[in-house]
Amino acid sequence: CGLASLHPPRLSRRARRAAAPLLREVNVADLPLRPPMAPATLVEHEPEAAAAAAAVGPAVIEEGDDDEEEAGFEEASVVVLDETEDERRARVKAEMDAAVIGDANSKVVMERLKGQEDDDGGLAALLGSFLVFLDPTGTVRRRLWTRADFMHIHAVSGAYFLFLGIPWLVYSHVTNALDTSVPMATSGPFLTSLLVAGLVNALSAVPMSKFNSNKMLDMRDLKANGFTFGGTGLTTMCLYIAWWFSGDYPDFLRPFDIPIFLFWALVCAGTTANWEVMLQQNFQANERRRVKVPEKEMRQKAILYRLASWPNLTQLSFMYSIPFGGAAWLQQCTAQWPMQSTPMYHYGIASAMGYALSMFSETLRDRKLVTLEQDLLVLIVGFTFPMVSVLLDGLTYGSAVTISPPEYWALFGFGHLG
């Protein structure tokens, strides 16, 4: 017994093999790399932003494990840009100047077409030369006058709608102020051409709104949804409002006013949800980036997205009067306020111009021709278009119109079903 206690017990061959350390049996090089701390959270490459951060100078850096860097994970280091306002502007300008629009190797056809400037002759060259007149460097023409816009239908119709429509809007307010004895004409060849041009401009944006796939109206492409629903959908909705109040709206469509309203309600709600999801994804993506977007820029983006989304729902409260008030409601309005058709028509067409202008600015920002701040300013102008127009009508016509919703909206009990 004493001798046995001096020696450890002998293990069987199987037991000794089981007790052997694993590293003696397996080559370490064959082991799989350990996963990141947050599974399925990948960090996007930001070469331009990283270069900009290096150019700016001081930055706050948090170092991580070398293993993750070797494994290709960029969560190992986080760079937060610490720059002055002048440095930020210089960085943004440098990024815009160096930007390459489109991708010749992209699987998305529209991305390839965005990088192909239209050098054809004839009328296209004549119209394109106007962009060179505006910008002798040729940058605007190179980034806007591309083969992505088939026959440049979108550009030409948009120019007609905005650059003739906005001056007409101003002119109409001036002429109304000079003679308040008669209501403004809300129909005629020119106004009809404006509505048609606006509709063509809105619809021609749909084929161009492809950023992540070649599929038209791909609900997974949130950026494309912003253009198709927020641009095409809401512009068309406001053109419909203007048409309804123009006096040219056909009687055979009136029985369909309720389903039409429900369709526009779906567009408004879907647009709002889409922009909100996009905003949340932007914030989440920024948290994963190695080079952080400055907090101020993210706040501006939040304002931009929410101005482009939530106010759209207010359109429905005004539009409620169309299906649930009908022609009888409109007749009661004009009986009590003789010039009431003018501000309501102005509201519809000015709203359509505001949406078209906002989406034009979004296109310019997508092509790196305007900054986020400039885009936000244009959006605010477009947002206030209809409100300023209706306010001017109220000041012009006085008691002959009302601009107070509780007084004439069917939603608040004015009028009845027609």
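Helices here are DSSP runs of H or I, at least four residues long, numbered from the N terminus. The views below show a predicted model.

**View 1. Helix 16 and the residue that follows.** Helix 16 covers residues 341-366. Most of helix 16 is covered, with 23 of its 26 residues buried. After helix 16 comes Lys368, which has a positive phi, near 60 degrees.

View 2. Thr342 belongs to helix 16. Its relative accessibility is 1%, so Thr342 counts as buried, the cut-off for buried being under 20%. A polar atom of the Thr342 side chain lies 3.4 Å from the backbone nitrogen of Met184. Leaving aside residues up to four places away in sequence, Thr342 touches Asn176, Pro183, Met184, Asp393 and Tyr397.

View 3. Helix 17 is made of residues 372-397, and Phe385 is found in it. Phe385 has a relative accessibility of 17% and therefore counts as buried, since the limit is under 20%. When residues up to four places away in sequence are not counted, Phe385 touches Ile166, Leu169, Ala350, Met353 and Gly354. Phe385 and His346 are 39 residues apart in sequence, and their C-alpha atoms are 9.7 Å apart in space.

**View 4. The second largest pocket and its centre.** The volume of the second largest pocket is about 950 Å³. This pocket is lined by 34 residues, and those closest to its centre are Leu144, His154, Ala155, Ala159 and Phe360. By type, the lining of the second largest pocket consists of 21 nonpolar, 8 polar and 5 charged residues.

**View 5. Helices around the second largest pocket.** Helices that each supply at least two residues of the lining are helix 7 (123-134), helix 8 (139-144), helix 9 (153-178), helix 10 (189-204), helix 11 (222-246) and helix 16 (341-366). Helix 9 gives the most to this lining, with 7 residues. Helix 16, also shown in the views above, is thus a contributor to the pocket lining as well as a helix with 23 of its 26 residues buried.

Definitions and conventions: Residues numbered from 1 in each chain as written. Predicted model: local features only at pLDDT ≥ 70, side-chain atom pairs only at ≥ 80, totals over all residues. Heavy atoms only, no water. 1 Å grid on protein atoms, 1.4 Å probe; cavity = no way out; pocket = protein on both sides within 12 Å on 5 of 7 lines; lining within 4 Å. Points joined across faces, edges and corners; volume = space filled by probe spheres on them. Nonpolar A, V, L, I, M, F, W, Y, C, P; charged D, E, K, R; others polar. Buried < 20%, exposed > 50% of the residue type's maximum accessible area, 1.4 Å probe, protein only. Polar contact = N/O pair within 3.5 Å; in protein donor to acceptor, adjacent residues only side chain to side chain. Contact = heavy atoms within 4.5 Å.
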